[in-house]
Amino acid sequence: MSKISRRDFLKVYATLMASATFSRASKFLSSVQPANSNKPNILIFVFDAMSARHLSLYGYARRTTPNLQKFADRASVYHRHYSVGNFTTTGTASMLTGLNPWTHRAITYRGMIDHTLTDRNLFHLMGDEYTRLAFTQNLWADILLSQFGKDLDYHLPCDTYSNSRFSLFEPDDIPGDRTLAYYAFQDFLNLRTIEPHPFPGSLSIGTLELAKALTASEDNPSIDYPRGLPTVYEFSYENAVVFAELGRLIQSSLQSPPFLGYFHLWSPHGPYNAQRDFVGIFQDHLEVPSKPPHSLSGSNYPEARLRDFRREYDEYIANVDAEFGQLMNGLEDAGVLQNSYVIVTSDHGELFERGELSHASALMYAPVTHIPLLISAPRQQTRSDFHSSTSNLDLLPTLLQIADKEIPDWIEGKLLPGFGGIEDNSRGIFPLVAKDNAAFRPIEHATFTLIKGPYELFFFTGYPGHPDGFELYNLEEDPDELQDLFRKDITAASQMKDELLEAVHAANRNYQTK
Amino acid sequence: MLKRFPNPQAILQVYAVIAVMISGWTITAFLWKLSTWLLTLNLGEILVVFSYAMFANLVESMIVLAVLLLICAVLPAHILRDVFAVRGTLLAVGWIGMLIILLSANRQIGMANPSALFIGPLAFMVLTAFLLVISKSNPVQSAILWTSDRLVIFLFVLMPLYIALSGYVIFRIVV
């Protein structure tokens with residue numbers, strides 16, 4: 001047998017690589033062949049950490065969302081839509097499964113849903129009749145999408161439209177084992193510089209990450225982004241690029257209906273690095289009620305600092321709104337939305353009060369659970385407003401209704417008003433944060449919430465050094481949640497408390513007996 | 001060319017030191033995080049994470065050994081090749097020890113004062129250099145050889161673990 005020369009080796013290698021590339025491309029192309037179906041396309045835009053309380057669309061004093069307001073003129077607008085989680089994992093898992101957090105159990109940081117429930121998701125229920133594409137820039141949401149991987153025709157890597165990445169390894173580097181690769185590299189082998197006492201599992205990878213972190217430019221500034229480029233922990237990006245590329249992707253994907261696209265974008269999640277044109281646009285003196293630090297606040301920021309963060313966040317929302325407006329204009333001009341539902345929502349909100357910044361704390365006040373929901377139907381010309389409480393569990397059954405699919409009994413959400421559901425003011429919604437609770441144990445270390453009618457009840461339980469307690473607010477008369485009514489409105493407090501504790505016991509009992 | 005490398009027994013002893021130090025750190029970190037994972041992952045997933053870690057350990061340890069052998073091949077034989085078991089061990093301990101001290105310092109004091117992170121590693125480097133200088137003395141040589149020889153026993157556990165779990169990782173990635 002003759003020896004293989006270097007040139008021969010390169011030829012064989014090139015042939016193999018070309019074959020592999022062609023194989024993947026042909027798989028995707030075959031999946032986007034026009035289907036013989038009249039089903040509508042569905043485009044879901046999730047803007048991470050976008051609080052409804054900061055959108056002029058919902059009455060916020062700063063004009064943050066002129067483009068969403070324009071979009072809302074031809075959409076169903078839900079004014080009291082709540083996420084049942086206050087950080088990505090819980091909020092996204094509930095939205096995509098239609099299940100309460102205590103059922104799917106994605107309640108911890110970087111958590112996953114119960115393995116026995118992975119078929120209970122939007123993409124599976126839509127079935128292969130749809131071409132299903134998902135993209136998120138949020139690595140924690142990507143863990144969930146990876147769990148649903150077999151139900152996706154196309155799952156884009158998180159850093160698809162990024163400028164630069166800061167991490168040596170990312171789950172997308174190992175597409176064959178995406179979820180656990182994330183755990184292995186990001187949660188164990190890598191140095192997680194965001195943690196207070198990082199303990200990388202690998203000496204060499206940890207050292208390289210440390211060297212990179214020590215030599216990296218802190219703010220990653222650019223001319224267009226004076227505060228630095230928008231940044232996810234592992235990479236940076238430019239919103240203009242992301243939205244432009246998404247526009248192209250959606251236009252080409254809609255050539256092969258029916259298409260289901262899930263686009264979960266990091267902005268306006270912090271850091272609030274708005275593009276230059278939006279920095280400083282809100283030089284006003286917005287009146288924000290003073291709220292003293294909460295005993296469960298983890299950060300205790302002074303109010304002046306929180307006001308600065310709030311302004312930067314509002315500017316960033318305005319930036320994202322402008323990009324979204326351009327995206328929608330482009331798609332409408334291209335005439336590709338004629339048979340498409342477009343949904344705009346978020347996974348959770350953001351908090352700038354009581355000493356707390358951001359989200360994922362023990363606090364579940366309305367700014368962190370009240371999220372936007374707008375649904376624009378094909379050829380819809382007028383605006384419909386719905387004021388009863390709705391939950392992000394409701395999106396899944398509503399989408400199934402839209403796609404004329406069967407709605408399984410196990411879904412814990414309800415049809416949204418305007419899409420077969422009714423405005424039900426007696427309905428209870430149960431947001432929950434239990435990030436420090438064992439995922440597969442009874443939930444005993446958490447903040448439970450019940451939102452029902454005008455009321456909102458919090459039950460703080462299991463926090464070390466903090467006695468269990470309740471807070472009750474009337475969101476209609478006191479939207480800023482300033483007057484705790486728990487010891488004043490005894491009737492409402494008693495009824496709400498009974499219902500919430502019953503739900504807590506049922507949730508834990510169900511899990512223990514499972 | 002092979003003549004430029006040390007004898008296999010010396011290589012084995014040095015590799016044992018490298019593998020034990022690298023895997024020792026990884027296993028400590030693994031046990032440190034295990035309590036959290038038990039709440040969020042099932043045992044199969046924890047095994048996968050451990051497999052990735054062992055795969056990474058295999059690659060890391062091979063890289064360290066390869067670098068030492070490269071130095072050995074380049075330098076005159078009497079500097080490193082002829083005393084590889086002793087000086088190779090010291091170099092490996094110095095190199096990996098500095099990384100351990102650096103990352104431990106980062107765990108304790110963070111990155112707020114970067115120069116403070118390097119005090120420990122530099123001190124350890126000086127100590128290693130001192131030991132290299134005095135490595136011709138019999139007591140030092142004996143102690144190093146005795147230690148590296150005893151560590152070889154761990155290779156009977158680590159090598160099968162590396163190979164089996166690396167094979168499992170490759171299987172997962174490819175299949």
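How many Å separate the centres of domain 1 of chain A and domain 2 of chain A? In this predicted model, the centres are 28 Å apart, taken over C-alpha atoms.

**The domains of chain A**

Domain 1 of chain A has two stretches, 36–166 and 222–426. Domain 2 covers residues 177–215. The two domains touch: eight residues of domain 1 are in contact with six residues of domain 2. On the domain 1 side, four of the touching residues are nonpolar, three are polar and one is charged.

**The sheet**

Chain A holds an open sheet of eight strands with mixed pairing. The strand order is β4-β3-β8-β1-β9-β12-β2-β13. At the edges lie β4 (154–156) and β13 (384–391) of chain A, and each of them pairs on one side only. Neighbouring strands are turned against each other by 15 degrees on average, direction ignored.

Strand β1 (residues 41–47) and strand β8 (residues 259–265) of chain A pair in the parallel sense, over six bridges. I44(A) stands opposite Y262(A) in β8(A). In general, strands of a sheet pair through backbone hydrogen bonds, and the pairing is either parallel or antiparallel.

Helix α9 (residues 239–253) of chain A lies across β1, β3 (131–136) and β8 of chain A. Its direction is about 170 degrees to β8(A).

Helix α9(A) also meets helix α10 (residues 303–333) of chain A. Two packed helices are described by the angle between their axes and the distance between the axes. Here the axes come within 10 Å and cross at roughly 25 degrees. Angles under 35 degrees count as roughly parallel, so α9(A) is roughly parallel to α10(A). The crossing is right-handed.

Which residues of α9(A) meet α10(A)? They are N239(A), A240(A), F243(A), L246(A), G247(A), I250(A) and Q251(A). Their partners in α10(A) include N319(A), E323(A) and L331(A). By class, this contact has seven nonpolar, six polar and one charged residues.

**Where chain B meets chain A**

The contact between the chains takes 29 residues from chain B and 28 residues from chain A.

Helix α1(B) gives the most, with nine residues. The chain B side has 20 nonpolar, four polar and five charged residues.

Terms used. Residues numbered from 1 in each chain as written. Chains lettered and ligands numbered in written order. Predicted model: local features only at pLDDT ≥ 70, side-chain atom pairs only at ≥ 80, totals over all residues. Domains from an automatic or database assignment. Contact = placed C-beta atoms within 7 Å. Nonpolar A, V, L, I, M, F, W, Y, C, P; charged D, E, K, R; others polar. Helix = DSSP H or I, 4+ residues; strand = E, 2+ residues; numbered from the N terminus. Pairing = 2+ DSSP bridges. Axes fitted to C-alpha atoms, helices over the stretch in contact; angles between N-to-C directions. Parallel < 35°, antiparallel > 145°, perpendicular 65-115°, else oblique. Left-handed = near helix turned anticlockwise from the far one by under 90°.
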